[in-house]
Amino acid sequence: MALNQWLRAAADVLMPRTCSVCGTTLGADEPYVCRGCMAHLPRTRLEQVEFNTMEQLFAGKVPIERAAGFFYYEKDSPYASIIHDAKYRNMPKLGQWIAGQAYAEMKGSGFFEGIEVVVPVPLHRDKLASRGYNQTLYIARGIARAAGIAVAEAVKAARSHSTQTRKGALERWQNTRGMYCLKAGASTVLEGKRVLVVDDVVTTGSTLEACAEALLAVPGVKISLFTLAVARLS
């Protein structure tokens, strides 16, 4: 047994790793979610649907090529803990791992075909300092690593904003207007590229819309959207 395998086995005995969804002890080949919970993950299959409900959410608001989320998000579902762990509980690599799983399952649909760069939705520096990491960057890395393409942190949060959790659709839109802008040099990196903008979860779409609007300042850019989770939109 290699040293790193021995150390992991010892750590699992002293502090067993548990499934993010059901809490059962994980096996050595189950990094974050057990096989049973992964089998029953409420997958959306939106990547297989023409003009799906997520794409409809952005129709007439911002021009995109395609959009899809991997699984459905419901706040009272045990699967919501995947998002909560990745976002708030210092487990960003969970997001990276499950993004890689999403890529493996969705690539056969052609959803990721032609994507050249992955752009994560940024956090404002104040929130980043408080949380310690941007979970969406890890999601972007998961997709990019699986696809063999680059991540570009091309957008920055120009201002802070209050939490979106308890806001309605109009309030969310007002809260994110003008929130993002391009970083210096972003146009050089992204000009004429097919870009995948990623986030953890989409509800009203206001955050992704604002980020996409900032990217549209890049000449010739074409935008698609991906999230780990998506609220049931219909």
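**Strands, rings and buried helices**

Strand E2 and strand E3 (residues 150-151) pair in the parallel sense, over 2 bridges. In that pairing, Val117 stands opposite Ala150 in E3. This is a predicted model. E2 also has a partner in strand E6 (residues 194-202). E2 and E6 run parallel, and 4 bridges join them.

Now look at the side chains of E2. Val117 and Val119 point one way, while Val118 and Pro120 point the other way. In a regular strand the side chains alternate between the two faces of the sheet. In E2, the residues on both sides are buried.

Step back to the whole chain. The protein chain holds 10 helices and 7 strands. How many residues does it have, and what share of them is buried? The chain has 234 residues, and 48% of them are buried. Its accessible surface comes to about 11800 Å², with 51% belonging to carbon and sulfur atoms.

Next comes the interior. In soluble globular proteins, nonpolar side chains tend to be buried together. The largest nonpolar core in this model has 69 residues. Which members touch the most others? They are Phe71 and Phe226. Helix H5 gives the most to this core, with 7 residues.

A pair of aromatic rings is described by the distance of the centres and the angle of the planes. The count here comes to 6 aromatic pairs. Take Phe70 and Phe71. Their ring centres are 6.4 Å apart and their planes stand at 80°, so this pair is edge-to-face. Are these two residues buried or exposed? Both Phe70 and Phe71 are buried.

A second pair joins Phe112 and Phe226. The centres lie 6.0 Å apart and the planes are at 55°, so this pair is tilted. The pair links distant parts of the chain. Phe112 sits in the loop between helix H5 (92-106) and strand E2 (117-120), whereas Phe226 belongs to strand E7 (residues 222-231). The two are 114 residues apart. Phe112 and Phe226 are both buried. They also belong to one aromatic cluster with Tyr103 and Phe111.

Charges meet rings too. The charged end of Arg66 sits over the ring of Phe111, at 5.9 Å from its centre. Elsewhere, Arg141 lies over the face of Tyr138, 5.1 Å from the ring centre.

Turn to the helices. Helix H4 (residues 80-88) is mostly covered, with 7 of its 9 residues buried. Among them are Ala80, Ile82, Ile83 and Ala86, but also Asp85 and Lys87. What covers them? The cover includes strand E1 (67-73), helix H6 (125-131) and helix H7 (135-147), along with H5, E6 and E7. Just after H4, Asn90 takes a positive phi of about 60°.

Helix H10 (residues 206-215) is another case. Of its 10 residues, 9 are buried, so H10 is largely enclosed by the rest of the structure. The buried ones include Leu208, Ala210, Cys211 and Leu215. Glu209 is in this helix as well. How does Glu209 count, buried or exposed? Its relative accessible area is 8%, so Glu209 is buried. Glu209 and Val62 are 147 residues apart in sequence, yet 6.5 Å apart in space, C-alpha to C-alpha.

Finish with the backbone of one loop. Most residues other than glycine have a negative phi, and most peptide bonds are trans. Arg45 is not a glycine, but has a positive phi of about 60°. Arg45 lies in the loop between helix H2 (35-39) and helix H3 (53-58). At 42% relative accessibility, Arg45 counts as partly exposed. Phe51 is found in the loop between H2 and H3 too. Its phi is near 50°, again a positive value in a residue other than glycine. Phe51 has a relative accessible area of 49%, so it is partly exposed.

Conventions: Residues are numbered from 1 along each chain as its sequence is written. This is a predicted model: local features need pLDDT of at least 70, side-chain atom pairs count only at pLDDT 80 or more; totals for chains, interfaces and linings use all residues. Side-chain values use heavy atoms; hydrogens and water are left out. Rings of Phe, Tyr and Trp (its six-membered ring) pair if their centres lie within 6.5 Å; planes under 30 degrees apart count as stacked, over 60 as edge-to-face and the rest as tilted. Buried means under 20% relative accessible area, exposed over 50%, partly exposed in between (1.4 Å probe, protein chains only). A charge sits over a ring if NZ of Lys or CZ of Arg is within 6 Å of the ring centre and within 35 degrees of the ring normal. A nonpolar core is a set of buried Ala, Val, Leu, Ile, Met, Phe, Trp, Tyr and Cys residues joined through side-chain atoms within 4.5 Å. Two strands pair if DSSP finds at least two bridges between them. Accessible areas come from the Shrake-Rupley method with a 1.4 Å probe; for residues, only the protein chains shown count as cover. Contact means heavy atoms within 4.5 Å.
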